[in-house]
Amino acid sequence: MEEEGIEVVLDKYRKAGRILAEIRGEAIEKVKEGVLLLEVAEFVEKSIRERGGEPAFPCNISLNEEAAHATPSIDDETVFGNDLVKIDIGVHVDGYIGDSAVTVDLSGEHEDLVRASGAALSEAIKIIRDGISTVEIGEVIENAIRGRGYRPVVNLSGHGLARYNSHALPTIPNVRYEHGVILTENDVVAIEPFVTDGAGKVVEGGTVEIYGLIKAKPVRVSEAKKLLDEIQKYQGLPFAKRWLPRERLDLALRTLKTVGALREYPVLREEEKGLISQAEETVIVTKDGCEVTTK
Ligand code: MN
Ligand code: MN
């Protein structure tokens, strides 16, 4: 198989990152008390398509003790209140992904927590270069967070990005582990410290609005067959329930889940209901540093 040249590939990562950064700024402006979460999520996803990208995953809008995988349902009436809001956006161009998140503090009471995730991210970005170990990155992130009196969320981490793979290897931990891997030039990775005043661990919550195709499997229920055809276009990337045709959707989803064709992404929340802030950027590793694609 003929492969695309590395510069062509990197330019697609850059384009995805540029689209993301523009829309992220506009989305932040829309996060205000009384505004529907659904309005912001739909704005983000529509804007991505209008500017020549595709969502790499549904716009995640996670509140307070929620860390990730929350996205509005199709007729969601939830509005922003006095919340700590994480907006996590994914854009791909031809499968090459930009992944970035910000925290917006609508209460005005959690500046320190938000600053801690931002500082951990920028300190990590400062040390990334060809030859750096993920052990060092985890250590810098952990120290930045603990030094500010908070805890890193130990079971959430940054990750590699690959074509149509929003969670590729390597894992980039938010704490110091004994073993890691060495990053090399042209690796594309997402760095995403999560900071909490709770236990420092997330657990799966009840609701599921995000799914991903694991592998097509033979199914006899016609609604499930139709849905399987429909979701092939996401090429394994996560998609939202609200993006799907509504007719007998729950039956179709349940059937595909039962045969092992579908992965669910339940909402992740802090174990002790601590507040969570998150900051994330995507970077390309270079010889003596890194290039942030989502800046
Ligand atoms: Mn993300
Ligand atoms: Mn990510």
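Asp88 is buried, with a relative accessible area of 9%; buried here means under 20% relative accessible area, exposed over 50% and partly exposed in between, using a 1.4 Å probe and protein chains only. This is a predicted model, where local features need pLDDT of at least 70, side-chain atom pairs count only at pLDDT 80 or more, and totals for chains, interfaces and linings use all residues. Residues are numbered from 1 along each chain, ligands are numbered from 1 in the order written, and side-chain values use heavy atoms, leaving out hydrogens and water.

Donors are N, O and S atoms within 2.8 Å of the metal (3.2 Å for Na, K and Ca), and sites may look incomplete because water is not among the atoms. Asp88 sits in strand β3 (residues 84-93) and Glu280 in the loop between β13 (276-278) and β14 (281-286), 192 residues apart. Strands are DSSP runs (E, at least two residues), numbered from the N terminus.

Around the manganese ion (ligand 2) you will find Asp99 (OD), His159 (NE2), Glu192 (OE) and Glu280 (OE), at 2.1 to 2.2 Å. Their spacing in sequence is D-x59-H-x32-E-x87-E. Asp99 lies in strand β4 (residues 96-105) and Glu192 in the loop between β8 (188-191) and β9 (194-196), so this pair ties together parts 93 residues apart in sequence.

## Where the two sites meet

Asp99 bridges the two manganese ions, ligand 1 and ligand 2, which lie 3.2 Å apart. Asp99 is buried at 3% relative accessibility, Glu192 is buried at 5%, and Glu280 is buried at 1%.

Terms used: Helix = DSSP H or I, 4+ residues; strand = E, 2+ residues; numbered from the N terminus.
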